[in-house]
Amino acid sequence: MTPHPTIDDTLAELVEEFDLLGDWEGRIEYVIELGKGLAPLPDADRTEAAKVPGCAAQVWLAVRREDDRLRFSADSDSALSKGNIALLLRLYSDRRPAEILAFDARAALDRLGLPSALTRQRANGLNAMVGRIRDAATASAQ
């Protein structure tokens, strides 16, 4: 069995990828491409309860607990929001709640240069997505 990469390993991969992209326009295009790779979200997960409040676009985030890990699936009606949530899923999905809660998402996103490349409203939405993921981890850790 292949060892599971840590959240820090995954962040390091993303930092390398983002560094290769150079300017913020390239990074935003890359984020949008990440969103295109998201698996379709089942209609059963497109509920009011799964909606992430505070996003400019509609964003749905579903969480399932499998063994001791949380698996997230998501979708959005906006290409950029869909890319943002895809990036967060790459970091957070299939992790233990304690690993999610110990990870400093704000510092990680700053290392990627993402919040500064987004409008304030989009950056707030990104923070709301992280908040929803952390809330799920907190609920599962109890």
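**Legends to close-up views of the predicted model**

**Figure 1. Helix 1 and helix 5 lie roughly parallel to each other****.** The model shown here and in the other views is predicted. Helix 1 covers residues 7-21 and helix 5 covers residues 105-112. Their axes come within 9 Å and cross at roughly 25°. Because angles under 35 degrees count as roughly parallel, this crossing falls in that class. From helix 1, the residues Leu 11, Leu 14, Val 15 and Phe 18 meet Ala 108, Arg 111 and Leu 112 of helix 5. Six nonpolar residues and one charged residue make up this contact, with no polar residue.

**Figure 2. Overview of the fold.** The protein contains seven helices and two strands. Read from the N terminus, its elements follow the order α-α-β-β-α-α-α-α-α. The C-alpha trace extends over about 40 × 35 × 25 Å along the principal axes. A compact globule of 142 residues would have a radius of gyration near 14 Å, and the protein agrees with this expectation because its own radius of gyration is 14 Å.

**Figure 3. Helix 2 against helix 3.** The axes of helix 2, residues 24-36, and helix 3 come within 7 Å, with a crossing angle of roughly 75°. Helix 2 is therefore roughly perpendicular to helix 3. On the side of helix 2, the contact is formed by Ile 28, Tyr 30, Val 31, Ile 32, Leu 34 and Gly 35. On the side of helix 3, Ala 79, Leu 80, Lys 82, Gly 83, Asn 84, Ala 86, Leu 87 and Arg 90 take part. Classified by type, the residues of this contact comprise nine nonpolar, three polar and two charged.

**Figure 4. Helix 1 against helix 3.** The axes of helix 1 and helix 3 come within 8 Å and cross at roughly 140°. The two helices are therefore oblique to each other. Helix 1 contributes Ile 7, Thr 10, Leu 11, Glu 13, Leu 14, Glu 17 and Phe 18 to the contact, while helix 3 contributes Leu 87, Arg 90, Leu 91 and Tyr 92. Seven of the residues in this contact are nonpolar, one is polar and three are charged. Leu 87 and Arg 90 of helix 3 also belong to the contact with helix 2, and Leu 11, Leu 14 and Phe 18 of helix 1 also meet helix 5.

**Figure 5. The largest pocket.** Strand 2 (69-76) and helix 3 (79-92) are the elements that supply two or more residues to the lining. Helix 3 provides the most, with four residues. By class, eight lining residues are nonpolar, two are polar and one is charged.

**Figure 6. The largest cavity.** One cavity of 30 Å³ or more is counted in the protein. The largest cavity has a volume of about 30 Å³. Cys 55, Ala 56, Ala 57, Ser 81, Asn 84, Gln 121, Arg 122, Gly 125, Leu 126 and Met 129 form the lining of the largest cavity. The elements giving two or more residues to this lining are helix 3 and helix 7 (120-141). Helix 7 accounts for the largest share, five residues. The lining divides by class into five nonpolar, four polar and one charged residues.

How values were computed. Residues numbered from 1 in each chain as written. Predicted model: local features only at pLDDT ≥ 70, side-chain atom pairs only at ≥ 80, totals over all residues. Heavy atoms only, no water. Nonpolar A, V, L, I, M, F, W, Y, C, P; charged D, E, K, R; others polar. Axes fitted to C-alpha atoms, helices over the stretch in contact; angles between N-to-C directions. Parallel < 35°, antiparallel > 145°, perpendicular 65-115°, else oblique. Contact = heavy atoms within 4.5 Å. Rg over C-alpha atoms; globule rule 2.2 N^0.38 Å. 1 Å grid on protein atoms, 1.4 Å probe; cavity = no way out; pocket = protein on both sides within 12 Å on 5 of 7 lines; lining within 4 Å. Points joined across faces, edges and corners; volume = space filled by probe spheres on them.
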